[in-house]
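Here is a short report on a helix pair and a chain interface. The sequence and structure come first.

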2 protein chains.
Amino acid sequence: MALVVIGGVAAGLSAAARARRLDAGLEIVVLEKGPVISYGACGLPYFVEGRIRDAGQLTVYSPEYFRKERRIDVRTGECVVSLSHPRREVALASGARVHYDRLVLAMGARCDTSGIAGAGQPHVFTLHTVDDAVRLRRFLGEKRPRRAVVVGGGYIGVEAADALRRNGLRVTLLEHSANLLAREDAGLTAAVRTQLEDHGVEVRCGVEVKAIEGDRVADVACEVVVISAGFKPNVELASEAGIALGPTGAIRTDDRMETSLRGIYAAGDCAEATHLVTGRPAYIPLGTTANKMGRVAGANAAGGRERFPGIVGTSIVGIFGMGFATTGLSVAQARAEGFRPVAARIRAKARPVYFGGRDTTVELVADGATHRLLGGSVIGEQGAAGRIDVIAAALHARLRVEDFEQLDLAYSPPFSPAWDPLLIAAQQLLKDL
Amino acid sequence: MALVVIGGVAAGLSAAARARRLDAGLEIVVLEKGPVISYGACGLPYFVEGRIRDAGQLTVYSPEYFRKERRIDVRTGECVVSLSHPRREVALASGARVHYDRLVLAMGARCDTSGIAGAGQPHVFTLHTVDDAVRLRRFLGEKRPRRAVVVGGGYIGVEAADALRRNGLRVTLLEHSANLLAREDAGLTAAVRTQLEDHGVEVRCGVEVKAIEGDRVADVACEVVVISAGFKPNVELASEAGIALGPTGAIRTDDRMETSLRGIYAAGDCAEATHLVTGRPAYIPLGTTANKMGRVAGANAAGGRERFPGIVGTSIVGIFGMGFATTGLSVAQARAEGFRPVAARIRAKARPVYFGGRDTTVELVADGATHRLLGGSVIGEQGAAGRIDVIAAALHARLRVEDFEQLDLAYSPPFSPAWDPLLIAAQQLLKDL
């Protein structure tokens, strides 16, 4: 039995490692088109910032590690150009063919800059691979640019803006939509904007960038540009092979991560997932989700029976020391999904003032008809990750606000106030429901 | 309609405030036997430490605030000596009687030192009221003791040990049982012991203190003693009035917080609560629980219909900067409750090393038969409160380990690793189940 995995980053390697653990005899080949595997894409902005000094720190495992410790044949620089399921083989750019019995597609996503003229210039970067980050960092050191434009106000965009600002550049962030962090939520957008502006980043929403003209982007002068927009799942190989895509445009799978072709699984940024709040497919590509999907895909490809139920859309980003965390649906998203959302937003100390407590903002969204929690956000310098995770757990468990209000959360002055901000928000929401 | 509340700290004032909010016309009287109300008992160790410099910071609201802003008649120094439900009145030590239509019992608990000879000496303290803390702090300043003994290794005991050590004293902690933090859990006890010893506190378990003989406690020389043992609910007033106590010895209530006598409610440290993991009554007196119980008691006493479902036993304590958090049942407790507990304990970084990540220890306990999560603990300097709260939410929702393993938790390098320690623990536990 041969398992072939296409893609050697989060989902692909999670799949390969999990398959090995379940089946010691399986032949496992991982084909990665890039030069390095197993890198933490989420760490790239911190390499640009300079916090991570050695690009080697961005990679967790080497191909040698997988070969020796796991008996997994990891091949870098191998680009799969087509796959034939009837013949159970993939064709490489080199012309070679690799046979498989089971296949895991973990081709990830890409930053598609084809809609932006001039994106190929040497001072224009994306921030998607280790190579991207190394080249950008080198450019900053060698060319000493003073003004930067970041195109795209999603997670990588704001992290790039933060990293460039900390390197002393003047930074302008341009976002096509009216929202930041890819979430239709005016309150969140306003808070992110304020945090960026307070730290010297100029923010302009509603600006579509179609061209980069030398040292100008949409009338903003700059010597370096980072594009963090046009994020697209790599699905061409799959769709050409007849594998069904879902309504999001990413590869559709069942809860075993199996695609429409038996024996072919998909995981990570090329695949969609079930959103557990809406029950519908969603495309929210994140490293943690990729890891979980990969594990399940690998287990099932190796003959196991595991399920990946789905996601609730939890994420967090740090912007100049402040955490911006969201999970589930915003009010606008909930309304678009047919719920009757009611929201409450409160501001409270994250812990007692004598333990340095700072303000944190908690928003909870619930359905007016059923009182079921639908989503929330937490903004603050202290405890934002822990608090959003509690809301995420509540979404998984489909808790109602009445249940959430009674959660027995830990209290002690070094850590939290007697009434946790989460519970204060739930009390407020119950008044409004 | 007159509502009388006996006790003016967490539960009592929560009840009074909530009752006022629901019924603007209600006559509300709060009778507090002590000189101050509305104090944060959990802050007392930090006043002893010196972090809180002004004892006034320990109290949240004054009687004047309640009188003026809430029209609640809060009377301090009023000790209720008996209650007659047939006559609907309580008798005060002064001889006066106060009529009620509804009554909330929030008498709290006490630190019963009657079993320790010599506990009344001037160098022996408890740490239960603001007055206790002020007297201890003054004693430390005036007498400059160099050696302290703390009797009792529960939460207040270890916090007192921490506070005294930070004041430069040599500290010995004596605990009657084999456990620390009131939890039968050898791993937790060992970790707490190590943390205390690493910071210069001598720990002796299995030592019962029956007498304090001048400057010696169980052969340990000292000039100051803090007793944090013999914690007992104040139930005498209730039981003399014919109100039923539960199996824990605290006042029994239904989920509306009503006692066995109609119209009399109980809340806070004098009452027991349903443990949602076992479904049985438990006595785990904590400030957060008192607040929640008080709110529900007050709402129902004012004619509302609210429920307090119960607790899962979540708590956290900081010891020299390290968080020790527990929730639900330990293995020993689960076994005693008739479960077939299986546990997994892992150690992982709380976040990436390049963001200063330190080790955190997570233990999860599940039932071998149903895979339902029963409890857990988190120990670490980073994120312990947030992570224990996620486990607590999972216990409320009766999640199975398989569900918990798939939680969509927030990830970004400043906050957490790609595989959260909670999920690593769940993966480990699933292997062992």
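Which residues in α1(B) meet which residues in α8(B)?

## Model and conventions

This is a predicted model: local features need pLDDT of at least 70, side-chain atom pairs count only at pLDDT 80 or more, and totals for chains, interfaces and linings use all residues. Residues are numbered from 1 along each chain as its sequence is written, chains are lettered from A and ligands numbered from 1 in the order written, and side-chain values use heavy atoms, without hydrogens and water.

## Helix pair in chain B

From α1(B), Ala10(B), Ala11(B), Ser14(B), Ala15(B), Arg18(B), Ala19(B) and Leu22(B) take part. They meet Gly287(B), Ala290(B), Asn291(B), Gly294(B), Arg295(B), Gly298(B) and Ala299(B) of α8(B). Contact means heavy atoms within 4.5 Å. Helices are DSSP runs (H or I, at least four residues).

Helix α1(B) spans residues 10-22 and α8(B) spans residues 287-301. The two pack at about 35°, with axes 7 Å apart. Axes are lines fitted to C-alpha atoms over the stretch in contact, and angles run from 0 to 180 degrees between N-to-C directions.

## Interface of chains A and B

Chain A gives 55 residues to the contact, and chain B gives 55 residues. Together the chains bury about 4,700 Å², 63% of it on carbon and sulfur atoms. Buried area is the accessible area (1.4 Å probe) lost on being put together, summed over both parts. In chain A, Tyr354(A), Gln406(A) and Asp408(A) lose the most area to chain B.

Two salt bridges are counted between the chains. One of them joins Arg295(A) to Glu405(B), with the closest N and O atoms 3.2 Å apart. A salt bridge needs a side-chain nitrogen of Lys or Arg within 4 Å of a carboxyl oxygen of Asp or Glu.

Conventions:
Buried area is the accessible area (1.4 Å probe) that two parts lose on being put together, summed over both.
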